[in-house]
Amino acid sequence: MDRRKEKLLPEGLEAADALKGGYEALVRHDSWRVAVITYAERFDRKNICRLESHRETDEVFVLMTGKATLFIGRDGVPTELEPWKVYNVKQAVWHGICVSPDAKVLICENDDTGPDNTDYMACRQD
């Protein structure tokens, strides 16, 4: 299934609705962990200062409440997340995220994702 059909998304980003009803496998990957991002100063848009790239895993983002923006690729192309849509940032794709104070973003990635298998790059601030 082409997950990019609804609207044009940056290369390396897939999107799928998470509230269609019933069961639908949206993204599969081994050894995932589920986490949540809520507002902290480091996730405030004015403080976005680096992107990251995971060498060993995709990373899934689901906006549950509030607002969130993913920045994708070396140029940090902004993509506003839609609530309850599943966004899969593919392995080795540069990305970062900012969230509003009321945001909750569900995250799924390999359990061992961290500094040992993630690259970091400073990004320009607008």
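Let's start at the largest pocket. Strands 2 (32-38), 3 (50-54), 4 (59-65), 8 (95-99), 9 (104-110) and 10 (118-122) each supply at least two residues of its lining. Strands here are DSSP runs of E, at least two residues, numbered from the N terminus. Strand 2 gives the most to that lining, with four residues.

A word on the source. This is a predicted model, where local features need pLDDT of at least 70, side-chain atom pairs count only at pLDDT 80 or more, and totals for chains, interfaces and linings use all residues. Residues are numbered from 1 along each chain as its sequence is written, and side-chain values use heavy atoms, without hydrogens and water.

Back to the pocket. A pocket is an open set of points on a 1 Å grid over the protein atoms alone, where a 1.4 Å probe fits, with protein on both sides within 12 Å along at least five of seven lines; lining residues have an atom within 4 Å of a point. The largest one holds about 540 Å³ of space, the volume filled by probe spheres set on the points. It has 24 lining residues, and I37, R42, F43, R50 and E52 are the closest to its centre.

Now the inside. The largest nonpolar core has 19 residues. Such a core joins buried (under 20% relative accessible area, 1.4 Å probe, protein chains only) Ala, Val, Leu, Ile, Met, Phe, Trp, Tyr and Cys residues through side-chain atoms within 4.5 Å. F61, L70, I97, V99 and V105 have the most contacts inside this core. Strand 5 (68-72) gives the most to it, with three residues.

Key:
Buried < 20%, exposed > 50% of the residue type's maximum accessible area, 1.4 Å probe, protein only.
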